[in-house]
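Welcome! Here is a short briefing to read alongside the sequence and the 3D view.

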Amino acid sequence: MRIAILDDYQDVSRRYGDFSGLDVTVFTEPLTDVPGQLAGFDGVVAMRERTRFPAEVLRALPRLRLLVSTGRRNAAIDLATASELGITVCHTDYRPAAAAEHTWALILGALRHLPEEEANIRAGRWQSTVGKELYESTIGIVGLGGLGRRVARVASAFRMEIIAWSSNIDADRAAEVGATAVSKEELFERADVVTIHYVLSERSRGIVGAADIARMKPGALLVNTSRAGVLDTPAAAAAARRGDIRLALDVFDTEPLPADDPLRDLPNSVLTGHVGYVTEQQYRAFYADAAEDIRAYLAGAPVRVMNPPGA
């Protein structure tokens with residue numbers, strides 16, 4: 001069985017997972033022709049949602065029998081079509097702490113101007129920026145699911161006021177993590193820091209738009225470590241370029257971010273390349289489970305199946 005491991009940009013999959021004895025090819029660059037480049041493979045390990053597998057792509061891969069996705073869900077895979085074609089889709093474990101921790105790295109890095117100060121000291125300059133404290137400021141969390149709740153618990157340690165909104169927020173559950181449920185309008189008007197933790201779907205696409213951004217306080221920070229599609233990134237970038245807000249992004253509409261993308265020289269911003277989940281512990285979970293998924297499939301007893309027969 002020929003296996004393709006996709007989008008392993010750092011070429012680390014074989015360091016963190018035991019693929020010994022398996023016929024594995026690692027792709028360290030994004031695919032430009034998915035059906036063409038994967039035509040000779042029976043199995044694929046997909047890195048989350050980096051490579052899409054809609055119905056037309058799955059139908060163009062007649063040899064494909066096993067598709068492993070890192071993480072516990074993958075909206076980029078058409079599970080119904082995979083089932084129709086007899087393709088088993090499996091998942092791996094996922095460690096949510098990584099993305100929550102990176103959210104706080106971005107918040108602290110942006111408010112204390114860490115990229116500028118690090119560059120300044122290397123260039124011989126000293127104390128050129130003025131930061132902001134988190135203590136007694138207000139954080140607005142858009143989406144109070146698992147990740148949002150982790151972020152809220154850390155905010156409590158900074159003695160921040162925590163407000164939260166989602167389209168189906170439960171005030172009692174919000175209170176469990178010290179958050180007060182508010183309207184979307186109030187959240188954007190009051191928060192000193194707004195951080196987005198919303199699952200991307202057709203209903204949530206663009207859920208944070210230009211009107212929301214326009215409500216933000218002058219100099220407030222907007223953070224997105226979720227998915228680019230939930231945020232009107234051009235509107236957010238325009239506000240940061242005007243100096244209305246600060247912006248911290250780990251996700252982008254096109255990934256990898258093109259070398260000539262104007263976001264690369266955006267002022268009032270901290271940008272990272274979708275590394276919120278990229279940790280040694282996360283990669284061990286991803287690739288160890290992926291190797292286990294492959295071996296279990298070859299043994300005739302698939303594990304962690306996302307599209308069980310009859311589902």
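Two rings of Phe, Tyr or Trp (its six-membered ring) form a pair if their centres lie within 6.5 Å, and planes over 60 degrees apart make the pair edge-to-face. By this rule, the count for this predicted model comes to eight aromatic pairs. One of them joins Tyr 283 and Tyr 287: the ring centres are 5.5 Å apart and the planes stand at 65 degrees, so the pair is edge-to-face.

**Aromatic rings**

- Tyr 283 and Tyr 287 share helix H12, which covers residues 280-298. They sit four residues apart there, about one turn of the helix.
- Are these two tyrosines, Tyr 283 and Tyr 287, buried or exposed? Both Tyr 283 and Tyr 287 are buried.
- The two belong to a cluster linked by ring pairs, made up of Tyr 16, Tyr 94, Tyr 277, Tyr 283, Phe 286 and Tyr 287.
- Elsewhere, Arg 2 lies over the face of Phe 41, at 4.3 Å from the ring centre.

- How many residues of domain 1 are in contact with domain 2? Nine residues of domain 1 touch seven residues of domain 2.
- Between them the two domains bury about 670 Å², and 54% of this is on carbon and sulfur atoms.
- On the domain 1 side, Glu 49, Tyr 94 and Arg 95 supply 47% of the area buried against domain 2, more than any other three residues.

**Three residues to look up**

- Gln 282 lies in helix H12. With a relative accessible area of 0%, Gln 282 is buried.
- Leaving out residues up to four places away in sequence, Gln 282 touches Tyr 94, Arg 95, Ala 98 and Tyr 277.
- Where is Gly 71? Gly 71 lies in the loop between strand E4 (66-69) and helix H4 (79-84).
- Gly 71 is buried too, with a relative accessible area of 3%. Beyond its neighbours within four places in sequence, its contacts are His 91, Thr 92, Asp 93, Tyr 94 and Phe 286.
- Gly 71 and Ala 97 are 26 residues apart in sequence and, C-alpha to C-alpha, 13 Å apart in space.
- Arg 227 has its place in the loop between strand E10 (221-224) and helix H11 (233-242).
- Not counting residues up to four places away in sequence, Arg 227 touches Arg 48, Glu 49, Leu 200, Val 251 and His 274. Although 47 residues separate Arg 227 from His 274 in sequence, their C-alpha atoms are 9.3 Å apart.

**What the UniProt record lists**

- An unreviewed UniProt entry gives residues 5-303 as "domain: D-isomer specific 2-hydroxyacid dehydrogenase catalytic". This span is 34% helix and 15% strand, and its end C-alpha atoms lie 18 Å apart.
- The unreviewed entry also lists residues 105-276 as "domain: D-isomer specific 2-hydroxyacid dehydrogenase NAD-binding". Over residues 105-276 the chain is 33% helix and 16% strand, with end C-alpha atoms 9 Å apart.

Technical notes: Residues are numbered from 1 along each chain as its sequence is written. This is a predicted model: local features need pLDDT of at least 70, side-chain atom pairs count only at pLDDT 80 or more; totals for chains, interfaces and linings use all residues. Side-chain values use heavy atoms; hydrogens and water are left out. Rings of Phe, Tyr and Trp (its six-membered ring) pair if their centres lie within 6.5 Å; planes under 30 degrees apart count as stacked, over 60 as edge-to-face and the rest as tilted. Helices (H or I, at least four residues) and strands (E, at least two) are DSSP runs, numbered from the N terminus. Buried means under 20% relative accessible area, exposed over 50%, partly exposed in between (1.4 Å probe, protein chains only). A charge sits over a ring if NZ of Lys or CZ of Arg is within 6 Å of the ring centre and within 35 degrees of the ring normal. UniProt positions are given in the numbering used here, feature names are shortened, and annotations may be inferred rather than shown by experiment. Contact means heavy atoms within 4.5 Å. Buried area is the accessible area (1.4 Å probe) that two parts lose on being put together, summed over both.
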